[in-house]
Amino acid sequence: MSERTDGSGDGFGEVVDRLTDAVEESERDAGSEIPETDGKIGVIDARDVGRAVAEDLTGLPLDGIVEVDDHEEGWRVIAEVVKRHSIPDTQDILDRYVISLDTTGGVRGYSRVGRYRRGNLGEQREIFAANDAEGGTI
């Protein structure tokens, strides 16, 4: 390989600078998903906070937010995450998490409340029946 001495190597530096700027902008945009509020949040903001924090809390890819509920001085957000991808996707293993938020959108805690195969509604019903029998609420 020969070194360039005619100054044409500057193009590579420009590309690196543009890529660095794009990555920094993407990181700023990702951090802006959590709504900025000056007080209590509403149901849409609670959903957005749940969406923004679910993957970070669980370490698993978010499948969706399935419920948002005003609950005990704050919000309860139910998120489903993909524990294991399968082919076909009806055989994916999903975990269901409850994320507890305070009235301003701060995370108070989270817990896994169930695991089931995406295509098996019977397993989902068993999770909810067991939780109801224990006196819990999902």
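Predicted model: local features only at pLDDT ≥ 70, side-chain atom pairs only at ≥ 80, totals over all residues.
Colleague: What makes up the pattern of the protein chain?

Modeller: The protein chain has three helices and four strands, in the order α-α-β-β-β-β-α along the sequence. Helices (H or I, at least four residues) and strands (E, at least two) are DSSP runs, numbered from the N terminus.

Colleague: Why is Asp95 called buried?

Modeller: Buried means under 20% relative accessible area, exposed over 50%, and partly exposed in between (1.4 Å probe, protein chains only). Asp95 has a relative accessible area of 1%, and is therefore buried. Asp95 lies in strand S3, residues 93-102. Across the 138 residues of the protein chain, 26% count as buried.

Colleague: What makes the pairing of Asp95 with Arg115 a polar contact?

Modeller: A polar contact is a pair of N or O atoms within 3.5 Å; within protein, one must be able to donate a hydrogen and the other to accept it, and residues adjacent in sequence count only if both atoms are side-chain atoms. The side chains of Asp95 and Arg115 make such a contact at 2.6 Å. Contact in general means heavy atoms within 4.5 Å. Leaving out residues up to four places away in sequence, Asp95 touches Leu60, Ala79, Glu80, Val81, Lys83, Arg112, Gly114 and Arg115.

Colleague: Why is the pair Arg96 and Glu80 called a salt bridge?

Modeller: A salt bridge is a side-chain nitrogen of Lys or Arg within 4 Å of a carboxyl oxygen of Asp or Glu. For the side chains of Arg96 and Glu80 the N to O distance is 2.3 Å, so the pair qualifies. This pair links distant parts of the chain, with Arg96 in strand S3 and Glu80 in strand S2 (residues 74-84), 16 residues apart. Both Arg96 and Glu80 are buried; for Arg96 the relative accessible area is 11%. The side chain of Arg96 also makes a polar contact with the side chain of Tyr116, at 3.4 Å.

Colleague: How many salt bridges does the structure hold, and which residues are linked in a network?

Modeller: The structure holds six salt bridges. Arg47, Asp48 and Arg51 are linked in a network, and within it the closest N and O atoms of Asp48 and Arg47 are 2.9 Å apart. Side chains of opposite charge can pair when their charged atoms come close.

Colleague: Arg76 and Asp69 also form a salt bridge; is each of the two buried or partly exposed?

Modeller: Their closest N and O atoms are 3.0 Å apart. Arg76 has a relative accessible area of 6%, so the term for Arg76 is buried. Asp69 is at 28%, and therefore counts as partly exposed. Arg47 is likewise partly exposed, at 27%.

Colleague: Why is His85 called exposed?

Modeller: His85 has 57% relative accessibility, and so counts as exposed. His85 is found in the loop between S2 and S3. Leaving aside neighbours within four places in sequence, His85 is in contact with Pro61 and Asp92.

Colleague: What makes the largest nonpolar core a core?

Modeller: A nonpolar core is a set of buried Ala, Val, Leu, Ile, Met, Phe, Trp, Tyr and Cys residues joined through side-chain atoms within 4.5 Å. The largest has ten residues, namely Ile41, Ala46, Val49, Val53, Ala54, Trp75, Val77, Ala79, Ile99 and Leu101. The elements giving two or more residues to this core are helix H2 (43-58), S2 and S3; H2 gives the most, with four residues.

Colleague: How do you know that the span of H2 is close to the expected one, and where does H2 bend?

Modeller: The expected span of a helix is 1.5 Å times one less than its number of residues. H2 has 16 residues and reaches 22 Å from its first C-alpha to its last, close to the 22 Å expected. H2 bends by about 30° at Ala52, the bend at a residue being the angle between axes fitted to the seven residues ending there and the seven starting there. Just after H2, Gly59 takes a positive phi of about 75°.

Notes:
Residues numbered from 1 in each chain as written. Heavy atoms only, no water.
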